[in-house]
Amino acid sequence: MPRLCRGQRHAHAHARIRRMRQQAWQGLKWWVSGGVLLALAGAVGLARQSLDEQRALFETDARIVHRLLSQQVVQHDAILATLALLQPAPLDSPTTSPEQRLPALYPQILAVQRRDPDQAWPDAQLTRAEAASHVQRRAALGATNLANGRYQLVLSATPTSYALDLDMRAMVPWTEWPMEPQSSPVRVVLEQAGERYVIQPGAQASQTGWHWEARKPLASESQSFDVVSTLTVGPGQLPWTRMLAWALIVAALLTALRHLQRQRAARRRAEELLRLGQVARLNTLGELAAGMAHELNQPLTAVLANTQAAQRLLDDEPPELATARGAMAQAVAQARRAAEVVGRLRRAVERPDASGSLQAVNLNEAVKRALYLLEPECQRRGVTPVLDGADAVTVQADAVALDQIVHNLIFNALQALEQVPPAQRSLTLTLGAHDGRGELLVADSGPGIAPEVLPRLFEPFFSTRDGGLGLGLSLCETLANGMGGSLGAANRALGGAVFSLKLPLSTGDRS
């Protein structure tokens, strides 16, 4: 029963470690994917906000442009209506004709023409425009040349009809214009019957991107021009600086949070490592106590029985000295046996028969668990372990005992590597299967094992380190032997030491 409880504690500890590893990996993936999604979402939001702002500004400018141009063409209708109401002065006194002063007042009016009664227009288009004006009872377009920015506006009146020659470029109120004509990306044109006059060319930065258009006719039925404003926003006009800054902020924030999480995981790993060590020490103490109770029970019982018998024999009259001496001799023999038991238990902590707890254990996973727990130790020493060999080696072993052995071997190798410069430190873990046994080789590039130390390496209480108890390797060898395996050590030809752990392969993996 005690062994079962200890196994359960170890199983729970290893399960927690496995969960921590899985959670760490899953957490890293979530951090990365979440950070990318958050950065993309923020960047898209900033781009959308910028596009909305640019579109709102474009629509506002387009409305202002339409209003300003509409005011100009409505003014042309008003000028013609005023001329028709005033009626012209006689032809022999042109200086008094008000229409002759209009070009000086309105720069878009190039010339003013009139047709008095019994006269004809010099141009057939003006004649047709006057007829249309008479029918429509409003001004009508005469000749139009949008390519050169010219058009005529005719009003039929009695007795005199009038025509204005207009310059589109001059009719634009540039002082009130909402944009910089030469640098603005907005293109503004006037269109009529397939012809087009470009008022503002627009500095188009890109042919691809987001395209917006605002089309609206001028507020004059006589001058049927459409004001068309267009804007193309290319990728280069997006707020890349703000988007990059947002991505950097997200990365910095997630890095800080990830660092805090890793610190928390490191604390939890240290706690699990401490708990594993505590469980191992409890196992050793429990086995020591159980072994001593079992081994010492019989000899102490015999010592007590023989001593009591000798006491009774000496109290007899006459005392039976010969029999009492025999009883005391038996007591001495049993006391010596008890002393041998204590000495043996002090030299090595022997496990009881562990055949009942042996099971199929993945040797690779045991190595990975030990490397995970010892990762901070490897980083502190600047060592990057190399795991080589077979992908899956399944052995018949006690999972708890196997973890203790692998952990001890790797930690001893890391301690040995402290004696060489950082640039020369290497640790290689090789897994394989030979002759029905799974094998783990732990090779380091440390100073190696002195020849006089090698024969005593697994001797109980023998240690080359100050303060060492000398029980680590001895206990590992005892645990390996108890599982039907072996543990050996040797020096490498190129320097350093190599420890070899061999355990029987699981039944399903035997060739």
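I count a residue as exposed when its relative accessible area is over 50% and as buried when it is under 20%; anything in between is partly exposed. I am working from a predicted model.

I looked up glutamate 317 first. Its relative accessibility is 75%, so I put it down as exposed. I found glutamate 317 in the loop that runs between helix H5 (240-315) and helix H6 (321-347).

**Entry: alanine 247**

I stayed with helix H5, where alanine 247 sits. Alanine 247 has 27% relative accessibility, so I class it as partly exposed. I then checked its C-alpha against that of alanine 39. The two C-alpha atoms are 5.0 Å apart, while the residues are separated by 208 positions along the chain.

**Entry: aromatic pairs**

How many aromatic pairs are there? I get a count of 2. I describe one of them here, tyrosine 151 with phenylalanine 225. The ring centres are 5.0 Å apart and the planes meet at 70°, so I log the pair as edge-to-face. The cut-off I needed for that call is planes over 60 degrees apart. Where do the two partners lie? Tyrosine 151 is in strand S3 (residues 150-155), and phenylalanine 225 is in the loop between strand S7 (210-217) and strand S8 (226-233). The pair therefore ties together parts that are 74 residues apart in sequence.

Is tyrosine 151 buried or exposed? I read 2% relative accessibility, so tyrosine 151 counts as buried.

**Entry: proline 460**

Next I went to the loop between strand S13 (437-444) and H10, where I found proline 460. Its relative accessibility is 23%, so proline 460 is partly exposed.

**Entry: helix H10 and the glycine after it**

I took helix H10, residues 472-482, and asked which of its residues are buried. My list is Leu473, Ser474, Cys476, Thr478, Leu479 and Ala480. For reading such a list I keep in mind that an α-helix has 3.6 residues a turn, so residues three or four places apart point the same way. Last, I checked the backbone just past H10. Glycine 484 has a positive phi there, about 80°.

Key. Residues numbered from 1 in each chain as written. Predicted model: local features only at pLDDT ≥ 70, side-chain atom pairs only at ≥ 80, totals over all residues. Heavy atoms only, no water. Helix = DSSP H or I, 4+ residues; strand = E, 2+ residues; numbered from the N terminus. Buried < 20%, exposed > 50% of the residue type's maximum accessible area, 1.4 Å probe, protein only. Phe/Tyr/Trp six-rings, centres within 6.5 Å; stacked < 30°, edge-to-face > 60°.
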